[in-house]
Amino acid sequence: MNAIETTDLTKYYGDLCAVDHLTLSVNNEIFALLGPNGSGKTTTVLMLTTLLNPTEGSAKVCGHDVTREGEEVRKKLSYVPQDMAVDIKLTGRENVRFFADLYGVSHASDCVDEVLEVMELTDRADDLIKTYSGGMRRRLELAQALVHEPSVLFLDEPTIGLDVAARKKIWEHIRGLRKKGMTIFVTTHYMDEADQFCDRVGIISKGKINALGSPAELKARLMKDVITVRVDGTCTPPSVEGVIFVGRNGNEVSFTAENGSEALPVLADSLARSGVTIRAMSLREPTLDDVFLQAVGPQEEPHGFEDGKFRVMLRRRK
Amino acid sequence: MKGIVTYMKRDFIKWTRSKVAVISALVMPAAWLIFVGLALPVKFTGNYLDFITPGILVMTMLSAGLSGGTLLMFDKILGFLNKFLALPTPRSSILIGKILFITGRGLIQTTIILVIALLIGATLLSPVQYGLTYLVLLLFGILISAFATTIALYLDDHDSYSAFNTMISMPLFFTSSALMPYSVMPTWLATIAHLNPLSYAIDAVRDVTAGGFPTMPILVLLLLSIVVLTICMQVFRKVTV
């Protein structure tokens, strides 16, 4: 049984199709949904967390249907929305205790101490949230979400507005959770983070998944690595498996390969054996940005739907 | 059940930690009591303060209840509601927790108004009479806070909510029996006043202070509260964002 299963999941806001027949399965991994603004990321998360009813299709979380068995689904998941919502007039410990009580956690005070420890907030646990930094508030939200040990964790833009160090820390915590067997579903704008920390990504545009796979797979599938060699004199392109000769421009010879960093030494050996003097070699790997742009294509802002809903959506993503 | 208490506790802690909110909620009813109750020259009663005190008590509960709707509005705007709705705790606990907090806070405020009224010359009642007064205020508080919280769930932003609040609180108060008895009202006003739910609560409290037992108004309030509460709970169970 997969942690998250969707079948033709669809959501219309008036005439606008926010999510279009999305079929997806996610299990014990860090799955990132990437996409431009208005592509349907948040809507997907809202449907999976039972906050929004799908127009068509179905979704299951831990085997429970999100529309018919809402309460069962909510027992399995934790959801951290995009806007940081922690009570600034309460202390860190009170904030986490509040969620522990709502989840009905047994031995609540031990559990609260434990998650605060994991999120490195023990020192500041009894200070009011007013005095916390953005990164600490986000970690506190994670602590709230983790206090009942969910099977699936939904994070909507977990690192938005945080500095580099705080982001790295959040991702380290998320990786730790995955190791414990949790399924983590994140949405993000940051390609570098998705590339570095996620097991699988889905690139969504206009409600449809255009590319799905591990970051490495996607990069290899959509665009090959480019190897450029600067040589002296003549050069007969050698035949190396998986490396394709592209062309020569002055003393620069270009090749492409499925996996550039592996192909590069092989190509270098082969060239050296055929007596070519190599002055320099360079390898440019395609980044997830390239994949994203290719999958998403030129973007238009969504239009032509109810003004009221649009304002609600704008407010949600600020 | 545990969820209800937890939600209520959160609001109480937040309220007690903001001193301005505690004081400001008392200023308006106290001003009415002192400046209108003591100063207005009326001929239909010897002790106008005793006449107007029930009206002010119910008004305090009304404004406590209506302003309580902003609590849910802020939970919604700031993103707390989304988190709460994704919790396994029954969603109706969010509503009941708010009702209990808003009504509880209203009862604390009415108690203070009652003490001020006594200090400036209102007649002291028996414990049974106070008990009945609190029962009426409690029922009225549940009715108003359930209504206000559910309206807040549907309105888009805080501006719309405060517009709604202004729009209904003043007309409700002036078309009730708070300021004068039905006998001195113009006929058209008396007709409206008889239909106003606020009047039921005020008449009930007035009946109690006169030594009676207001069976009918209490039953009407009870019935109204049950109907409104049932509808609101259904709305909260099914809510999506």
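Modeller: A residue is called buried if 20 or more other C-beta atoms, placed from the backbone, lie within 10 Å of its own, exposed if 12 or fewer do, and partly exposed in between. This is a predicted model, in which local features need pLDDT of at least 70 and side-chain atom pairs count only at pLDDT 80 or more, while totals for chains, interfaces and linings use all residues. Residues are numbered from 1 along each chain as its sequence is written, and chains are lettered from A and ligands numbered from 1 in the order in which they are written.

Colleague: What percentage of the residues in chain A is buried?

Modeller: The C-alpha atoms of chain A fill a box of roughly 75 × 50 × 35 Å along the principal axes. Of the 318 residues in this chain, the buried share is 41%.

Colleague: Which element supplies the largest share of the side of chain A that touches chain B?

Modeller: The contact (C-beta atoms within 7 Å) takes 22 residues from chain A and 20 residues from chain B. Helix H2 (70-76), strand S6 (77-80) and helix H3 (92-103) of chain A each supply at least two residues of the chain A side, helices (H or I, at least four residues) and strands (E, at least two) being DSSP runs numbered from the N terminus. The largest share, 4 residues, comes from H3(A).

Conventions
Two residues are in contact if their C-beta atoms, placed from the backbone, lie within 7 Å.
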